[in-house]
Amino acid sequence: MSDVKRKRNVLNLEQKLEILQKLDNGESASTDAEDVLNEGNTISHSAALQSVKSLLDYMGQRGFDYGDITAVRKICVDIRREMNKEQKQRRITYFLKQ
């Protein structure tokens, strides 16, 4: 086992406050946090959601059947649900650390 240290990105106080303000105003701040915390080796939820939306547009243009389009829409719902779950966990973690 090697002693490799991983770089850990952490939001600074100003970034945390900005994200919390967006959340309090009902805006989505998950993209901001993910952009800071993700290091490019994973795809963010917002990027995945955008890809699925592009796929839906393509499917609509090509005349895919309703069942296939419905299955892809379910993927959008799943991604949003996961985004909301992680956003809630980040808020709780942030306040517990303060």
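**The packing of H3 and H4**

Modeller: Helix H3 crosses helix H4 in a left-handed manner, a crossing being left-handed if the near helix is turned anticlockwise from the far one by less than a right angle, and right-handed if clockwise. This is a predicted model, in which local features need pLDDT of at least 70 and side-chain atom pairs count only at pLDDT 80 or more, while totals for chains, interfaces and linings use all residues. Residues are numbered from 1 along each chain as its sequence is written, and side-chain values use heavy atoms, with hydrogens and water left out.

H3 covers residues 45-62 and H4 residues 66-97; they pack at an angle of about 165 degrees, with their axes 10 Å apart. That makes H3 roughly antiparallel to H4, the term for angles over 145 degrees. Axes are lines fitted to C-alpha atoms, for helices over the stretch in contact, and angles run from 0 to 180 degrees between N-to-C directions. The helices themselves are DSSP runs (H or I, at least four residues), numbered from the N terminus.

Among the residues of H3 that meet H4 are Leu49, Val52, Lys53 and Leu56, and the H4 side includes Ile69, Val72, Cys76 and Ile79; contact means heavy atoms within 4.5 Å. By class, the contact has twelve nonpolar, two polar and six charged residues.

Cys76, in helix H4, is buried at 4% relative accessible area, where buried means under 20% (1.4 Å probe, protein chains only). Leaving aside neighbours within four places in sequence, Cys76 is in contact with Leu49, Val52 and Leu56. Cys76 and Lys53 are 23 residues apart in sequence and 7.7 Å apart in space, C-alpha to C-alpha.

Notes:
Helices (H or I, at least four residues) and strands (E, at least two) are DSSP runs, numbered from the N terminus. Angles under 35 degrees count as roughly parallel, over 145 as roughly antiparallel, 65 to 115 as roughly perpendicular and the rest as oblique. Ala, Val, Leu, Ile, Met, Phe, Trp, Tyr, Cys and Pro count as nonpolar, Asp, Glu, Lys and Arg as charged, and the others, Gly among them, as polar. Buried means under 20% relative accessible area, exposed over 50%, partly exposed in between (1.4 Å probe, protein chains only).
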